[in-house]
Amino acid sequence: MRYHFEKPSVYFSMYGTTYACDHPVYDKCTLYCIGNKGLAVIQQRYDVATKRTWWGEIDPWLTDTLYLHEKFQDYFSERAGECIGSLYPTVTLRQIMWALKLKPVAKQRWETCFDRRDI
């Protein structure tokens, strides 16, 4: 039995785009847009050499899995919003996977989380 979402051997990344912005938490994210509404999704990264973490776009093998999920449209309708000052409403990868009831990616020791809904 799998407890974590595993990277598939073959994947496509057709949905979601890498979006560069001036957010206080991150510089890049994966942006899903439908009409004039958008939802930014971020994932935490770690550099072993400098022991530094940062937030950025999600892995490309996850973009289509999220977008094509049967509950994504409902989640998007609830959380997405219009661009305000080049910023869109933001969620972490774990928040969206939890909401869609997907198995999460394996948690790393260095990962942190946000204790509030809005980022």
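Figure 1. Arg 79 is found in helix H2 of a model that is predicted. The residue is buried, with a relative accessible area of 13%, a value that falls under the 20% limit for this class. Leaving aside residues up to four places away in sequence, Arg 79 touches Leu 39, Pro 89, Thr 90, Val 91, Arg 117 and Asp 118. Helix H2 itself spans residues 72-79, and strand E6, which spans 90-92, includes two of these contacts, Thr 90 and Val 91.

**Figure 2. The stacked pair of Tyr 15 and Tyr 67.** The structure holds seven aromatic pairs. In the pair shown here, the ring centres of Tyr 15 and Tyr 67 are 4.2 Å apart and the ring planes meet at 15°, so the pair is stacked. The limit for stacking is an angle under 30 degrees. Tyr 15 lies in the segment before strand E1 (17-20), whereas Tyr 67 belongs to helix H1 (residues 60-67), so the pair ties together parts that are 52 residues apart in sequence. Tyr 15 counts as partly exposed, at 29% relative accessibility.

**Figure 3. The edge-to-face pair of Tyr 32 and Phe 72.** Tyr 32 and Phe 72 form an aromatic pair with 5.2 Å from centre to centre and 65° between the planes, an edge-to-face arrangement. Tyr 32 is in strand E2 (residues 28-34) and Phe 72 is in helix H2 (residues 72-79), so that distant parts of the chain, 40 residues apart, are linked. Both Tyr 32 and Phe 72 are buried.

Figure 4. The buried residues of H1 are Trp 61, Leu 62, Thr 63, Asp 64 and Leu 66. Among the elements that cover these buried residues are strands E2 and E3 and helices H2 and H3.

**Figure 5. Lining of the largest pocket.** About 300 Å³ of space lies in the largest pocket. The lining consists of 21 residues, and those that lie nearest the centre of the pocket are Gln 43, Gln 44, Arg 94, Val 105 and Glu 111. By class, the lining has ten nonpolar, six polar and five charged residues. Strand E3 (37-47) and helix H3 (93-99) each supply at least two of the lining residues. The largest share, five residues, comes from E3.

Figure 6. A search of the whole structure finds zero disulfides. Cys 29 is in no disulfide, and the nearest cysteine sulfur, that of Cys 21, is 4.9 Å away; a disulfide would require the two sulfur atoms to be within 2.5 Å. Cys 29 is buried, with a relative accessible area of 0%. Cys 83 is likewise in no disulfide, and its nearest cysteine sulfur, that of Cys 33, is 8.5 Å away. Cys 83 counts as partly exposed, at 36% relative accessibility.

**Figure 7. Lysines with positive phi.** Although Lys 51 is not a glycine, its phi is positive, about 55°. Lys 51 is placed in the loop between E3 and strand E4 (52-56). At 65% relative accessibility, Lys 51 counts as exposed. Lys 101, also not a glycine, has a positive phi of about 60°. Lys 101 lies in the segment after H3, and with 65% relative accessibility Lys 101 counts as exposed.

**Figure 8. Gly 85 in the loop between E5 and E6.** Gly 85 has its place in the loop between strand E5 (81-82) and strand E6 (90-92). The residue counts as exposed, at 66% relative accessibility, the limit for this class being over 50%. The C-alpha atoms of Gly 85 and Asp 47 are separated by 30 Å, and the two residues are 38 residues apart along the chain.

Notes. Residues are numbered from 1 along each chain as its sequence is written. This is a predicted model: local features need pLDDT of at least 70, side-chain atom pairs count only at pLDDT 80 or more; totals for chains, interfaces and linings use all residues. Side-chain values use heavy atoms; hydrogens and water are left out. On a 1 Å grid over the protein atoms alone, a cavity is a set of points where a 1.4 Å probe fits but cannot get out, and a pocket is an open set with protein on both sides within 12 Å along at least five of seven lines; lining residues have an atom within 4 Å of a point. Grid points are joined across faces, edges and corners, and a volume is the space filled by probe spheres set on the points. Helices (H or I, at least four residues) and strands (E, at least two) are DSSP runs, numbered from the N terminus. Ala, Val, Leu, Ile, Met, Phe, Trp, Tyr, Cys and Pro count as nonpolar, Asp, Glu, Lys and Arg as charged, and the others, Gly among them, as polar. Buried means under 20% relative accessible area, exposed over 50%, partly exposed in between (1.4 Å probe, protein chains only). Rings of Phe, Tyr and Trp (its six-membered ring) pair if their centres lie within 6.5 Å; planes under 30 degrees apart count as stacked, over 60 as edge-to-face and the rest as tilted. Contact means heavy atoms within 4.5 Å.
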